[in-house]
Amino acid sequence: MKNKLLAQLAKLRQQLNQHIKKLFKNRYLHRNKTFTFLISLIVGIIVTSIGTTTDWATTGTPTLSYETSWIGNTIGSGNLRVQNNIEAMYVAPDGTVYTNSHWDEAGMEAAIYKDGKVIGAIGDTHGWSRGGGIAVTANSKYIYLAMTQGSKGKTDEDYPPEGTSWHCVRRYDLSGKPAPFPNGRGWDKSMLITSTKSELTGLGTGENELYVSDFAANRIRVYDTETMKELRSFPVANPGAITIDSQKNLWIIQSKNGSKPAKILHYSQSGKQLPQEITDIVEPTAIAMDRQGKLLVAENGPRQQMLIYDIKNQPVQTGSFGNKGGIYTGVAGEVRDLKLYGLTGIGTDATGNIYINSNGFNKSGTDLRKFSPSGKLIWRSLGLIFVDNADADSKTDGRDLFTKQEHYLMDYSKSAGKQWTYKAYTLNPFKYPQDPRLHTSPDGTFVRRIQGKPFLFLTDMYNSFLQIYRFNPATDGKIAIPAGMFVGSNGADKPFLAGNWPPNQPQKGEWIWRDRNGNGKFENNEYDTSKDYPYIGGWWVDSKGDVWKALRTEDGIRHYPLQGIDTKGNPIYNYSAMEKQTTPKIFNDLRRLEYFPQTDTMYLSGFTVDRPASGDDTGVAGSEIARFDNWSQGNRTPRWRIVIPYDTTGKREVSTAAMSVAGDRVFAVTVKTAEVYVYNAKTGAQVQQLKPGPEVGSESGWIDIPYGIRAFRRSNGEYLVFVEENWKGKVIMYRLAG
């Protein structure tokens with residue numbers, strides 16, 4: 001209400017200004033000096049009063065008008081919002097969709113959807129060493145959910161002993177509340193322990209029987225749906241998702257095993273293997289029956305479609321749903337109704353409507369869609385954000401926003417939460433299987449225009465690396481193409497990144513990779529190597545395309561000037577051109593830096609000699625922000641120093657996670673309270689404080705990442721401030737008048 005009133009006052013101010021201009025067009029009044037003086041005095045008082053409404057809090061800081069909005073989730077507030085991921089789903093005849101996933105930050109690993117709305121959570125899957133899973137089914141009375149219960153040192157309350165995890169089927173009523181049964185296990189007696197070796201990979205119900213894929217044992221186990229007692233079991237190698245046909249027989253995905261490809265097998269209820277099988281598939285991830293008795297298979301290979309099989313005799317593919325090639329057909333990456341990507345769930349209801357979830361690759365986020373039998377999109381629920389933040393493209397004045405995998409198109413004339421449209425998915429695992437986003441967990445996004453061309457830079461929660469992506473619409477549509485990567489030193493004589501990725505990684509020290517031949521692969525002759533101090537405070541990419549790195553040591557600033565763009569479109573950086581710059585003496589632990597070459601201004605944050613860290617506090621931005629003018633000329637005397645929120649008691653209740661500079665404002669956001677402090681970039685004085693508004697339920701989770709705030713000033717003077725909101729799966733966006 002307050003923000004709405006302020007917006008109305010701002011509009012009134014604009015209208016008043018227009019009327020004053022009309023008055024001054026009157027020649028007689030313009031010549032009357034007394035009139036001119038009086039009207040100027042009155043207008044000054046009115047404009048000042050309604051232009052800046054002041055709420056003198058205990059800090060004496062004025063609170064200015066702003067609006068809260070969000071991007072990346074269909075629902076912006078409340079407990080029932082679209083979950084982070086859907087890794088399995090079951091569609092009931094009435095169109096109710098039951099889902100499951102391993103993890104959701106707000107504890108909604110499993111949920112219930114109907115008519116495009118989240119109508120319930122399948123509860124108690126989070127905390128107390130519990131987690132969800134990759135299988136779910138239901139009948140007319142119960143939901144059956146694959147989940148895991150870890151140990152808590154409370155065996156007397158029926159938790160697993162230390163070092164043991166129970167992989168269970170948990171039973172719920174249709175509202176999502178646990179439904180205990182005789183001899184049930186766990187604290188509420190609703191769990192059926194099926195394995196202690198690996199998670200359950202498939203669930204199906206037929207009549208009064210529940211079928212469970214016990215992957216570790218290579219068996220299908222059969223239970224009574226009421227008593228939950230085991231009735232029988234039979235062997236199936238690598239069993240996965242299950243569905244039951246009209247003849248009460250089972251169709252089971254057999255997962256690929258090494259060089260053995262995946263198949264779909266056919267079994268009787270008693271466990272006899274039947275001769276029919278489906279082998280013309282690459283990566284089946286989900287399976288279901290439609291109302292006509294046809295078998296539906298989610299093909300997550302290059303086709304990215306739902307395949308339809310007639311199974312009356314030998315299975316024959318008779319159709320498909322979705323564009324062949326999925327989101328990579330036509331303009332690659334461009335979001336369209338029938339372009340699917342990363343299929344994890346399929347199903348139909350009793351009237352033939354089709355439900356499909358695309359989860360992207362490396363758990364990009366929920367994209368749940370309902371289609372009519374003819375293929376028309378009916379509704380869509382999106383939950384695209386997890387540990388991520390957005391940045392704006394300066395060329396389009398913030399109309400285009402990017403997160404680590406998504407591209408959004410903005411319309412700022414619309415109401416809060418309605419401004420964004422999901423435009424493109426920028427990851428292509430088939431053409432670029434070595435894309436770092438498939439092998440790491442980036443989260444901080446920088447969008448830059450270098451020599452007029454767009455580039456995407458990504459870092460991670462620990463500032464371990466800086467990934468670089470280019471765009472080539474002629475060859476790759478909307479896809480972000482791997483172009484380069486920086487990593488730090490690990491302080492030991494071993495590769496910086498453990499495991500088999502990336503190929504040909506230098507065996508020690510730090511490195512810069514550049515995709516010299518443009519194929520997106522990490523090849524032996526594409527690395528430049530060096531060795532440096534191992535502890536990184538942060539990264540920055542300036543408007544010229546130069547890369548900066550903050551190290552937590554005395555000579556801790558590294559400047560990598562852009563050496564040009566190669567013939568493949570990759571920015572060129574190397575160690576031979578790197579400049580070492582001294583950290584100003586006021587800092588003893590440098591954490592963040594932002595340099596602006598147009599004005600030769602450097603902003604640094606970190607812990608200072610006057611205000612040192614309480615412990616290591618690895619992830620935070622420090623205790624002060626300082627501005628340095630004429631940086632390239634060697635000035636290391638600050639123009640001003642800001643003391644930012646930091647708990648010196650050691651309890652770590654208050655700390656600053658990240659900073660961002662745009663226009664004549666400096667923004668900083670705190671970790672636990674997610675409050676944004678706004679400072680004047682010229683003076684360092686605090687001018688505003690932002691908190692999540694009612695548009696997002698006046699709530700936010702913690703800021704988990706070092707670039708959890710990103711600010712952009714539009715050509716009309718308006719500031720857009722993007723803040724990570726990992727808890728409820730979105731990015732909060734504040735809009736401030738310039």
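View 1. Arg232 is partly exposed, at 26% relative accessibility; partly exposed covers the range between buried (under 20% relative accessible area) and exposed (over 50%), with a 1.4 Å probe and protein chains only. The model is predicted: local features need pLDDT of at least 70, side-chain atom pairs count only at pLDDT 80 or more, and totals for chains, interfaces and linings use all residues. Residues are numbered from 1 along each chain as its sequence is written, and side-chain values use heavy atoms, with hydrogens and water left out. Glu209, at 15% relative accessibility, is buried. The two side chains, Arg232 and Glu209, form a salt bridge with an N to O distance of 2.8 Å. A salt bridge here is a side-chain nitrogen of Lys or Arg within 4 Å of a carboxyl oxygen of Asp or Glu. Because Arg232 lies in strand β14 (residues 230-235) and Glu209 in strand β12 (residues 209-214), the pair ties together parts that are 23 residues apart in sequence. Strands (E, at least two residues) and helices (H or I, at least four) are DSSP runs, numbered from the N terminus.

**View 2. The salt bridge between Arg170 and Asp188**. The closest N and O atoms of Arg170 and Asp188 are 2.8 Å apart. Arg170 belongs to strand β9 (residues 166-173) and Asp188 to the loop between β9 and β10 (191-195), so this pair ties together parts that are 18 residues apart in sequence. Both partners are buried: Arg170 has a relative accessibility of 0%, and Asp188 has a relative accessible area of 14%.

**View 3. The salt bridge between Asp124 and Arg130**. In this pair, the closest N and O atoms are 3.1 Å apart. Asp124 is partly exposed, with 26% relative accessible area, whereas Arg130 is buried at 7% relative accessibility.

**View 4. A network of salt bridges.** Glu67, Arg714, Glu718 and Arg735 are linked by salt bridges into a network. Side chains of opposite charge can pair when their charged atoms come close. The structure as a whole holds 44 salt bridges.

View 5. Asn84 sits in the loop between β1 (66-71) and β2 (88-91). With 2% relative accessibility, Asn84 is buried. Apart from neighbours within four places in sequence, Asn84 is in contact (heavy atoms within 4.5 Å) with Trp103, Asp104, Glu105, Gly365, Thr366, Gly383, Ile385, Phe386 and Gly729. From Asn84 to Ala658, the C-alpha to C-alpha distance is 23 Å, and the two residues are 574 residues apart in sequence.
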